[in-house]
Amino acid sequence: MGILNVTPDSFSDGGRFVGAQAAVDHARAMQEAGAAIIDVGGESSRPGATGVPEQEELDRVIPMLEALHGAVEVPLSVDTTKPGVMKAAAAAGAGLINDITALRSPGALEAARETGLPVCLMHMQGAPATMQDNPTYSDVLGEVTAFLRQRLDAAAAAGIPRSRLLVDPGFGFGKRDPHNARLLAGLPALTELGVPVLAGLSRKSLVGRVLGRELPDRLAGSVAAAALAAWHGASIIRAHDVAETLDAVNLMAYVRQHGGGDA
Ligand code: 9MG
């Protein structure tokens with residue numbers, strides 16, 4: 001899943017793709033590099049972000065989805081928490097809803113059901129503005145798994161078939177580095193929920209802190225984290241650097257397939 005942020009304050013690409021043509025070109029380049037999905041987001045969710053009004057998000061995201069719809073062949077995902085944006089995005093050609101709040105906004109379950117689209121349900125403790133202030137768990141893997149199980153049940157109860165759902169532990173969303181490490185190593189527990197697991201670690205602060213790397217120097221760490229996530233069962237990797245990430249994941253897949261000891 002290639003990341004296309006259309007926010008002026010995007011935390012890792014600095015809003016470079018706000019212009020429609022630049023965004024389309026970048027999406028095409030990610031598709032060319034092997035992205036199977038393009039995730040379009042108009043509201044920053046970096047730590048400390050405070051959110052944007054619905055109309056502003058609509059103004060950023062909907063023209064972009066319309067422009068991308070005819071310009072790339074891969075499915076488009078909309079990264080939003082707002083029911084109104086979900087519906088408008090579906091009408092503009094989105095094929096997936098990526099909700100970092102796991103459809104907890106009022107009306108989001110119903111809106112997502114009405115679109116008929118698949119939905120990624122992500123775990124986050126708190127909200128972006130304050131989530132990194134003091135994240136606390138007694139058993140992060142157990143709590144995240146239980147939360148995602150509960151959201152899968154809520155979505156199913158609202159009429160969204162389980163076959164249309166994905167889960168994501170939300171790396172960096174209300175988590176300290178040891179929490180992220182536990183979730184990465186424990187991803188196989190999430191695969192037992194029986195739906196595909198999505199993982200996003202690309203360029204995140206956790207990579208920067210662990211390795212002592214500023215944003216421009218996080219590629220190797222991000223790629224390594226992506227390979228680990230795939231090794232531990234993630235089916236979809238959300239990434240900025242698609243070609244490099246895909247190389248690592250493909251190598252990992254080769255080893256998984258051929259490394260059984262028969263050679
Ligand atoms: C929007 N967004 C930013 N980081 C993300 C992550 O790790 N997963 C998902 N699903 N969305 C994310």
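R60 pairs up with E56 in a salt bridge, with 2.8 Å between the closest N and O atoms. Both residues sit in helix α2, four residues apart, or about one turn of the helix. E56, at 34%, is partly exposed. Keep in mind that this is a predicted model.

The structure holds seven salt bridges, among them these:

| Salt bridge | Closest N and O atoms |
|---|---|
| K82 and E43 | 2.8 Å |
| R60 and E56 | 2.8 Å |
| R203 and D241 | 3.0 Å |

What does the R203 and D241 pair link? Distant parts of the chain: R203 is in the loop between β7 and α8, while D241 is in the loop between β8 and α10, 38 residues apart. Both R203 and D241 are buried. Shared partners also join E43, E57 and K82 into one salt-bridge network.

K82 comes from the loop between β3 and α3 and E43 from the loop between β2 and α2, so the pair ties together parts 39 residues apart in sequence. K82 and E43 are buried, too.

Now for the nonpolar side. The largest nonpolar core has 70 residues, and L4, I38, L65, L68, L103 and I237 have the most contacts inside it. Helix α5 (residues 140–157) gives the most to this core, with eight residues. Leaving aside residues up to four places away in sequence, L65 touches V40, L76, V78, A89, A92 and A94. There's also a second, separate core of seven residues, including M1, I37, C120 and L198.

Technical notes:
Residues are numbered from 1 along each chain as its sequence is written. This is a predicted model: local features need pLDDT of at least 70, side-chain atom pairs count only at pLDDT 80 or more; totals for chains, interfaces and linings use all residues. Side-chain values use heavy atoms; hydrogens and water are left out. A nonpolar core is a set of buried Ala, Val, Leu, Ile, Met, Phe, Trp, Tyr and Cys residues joined through side-chain atoms within 4.5 Å. Buried means under 20% relative accessible area, exposed over 50%, partly exposed in between (1.4 Å probe, protein chains only). Helices (H or I, at least four residues) and strands (E, at least two) are DSSP runs, numbered from the N terminus. Contact means heavy atoms within 4.5 Å. A salt bridge is a side-chain nitrogen of Lys or Arg within 4 Å of a carboxyl oxygen of Asp or Glu.
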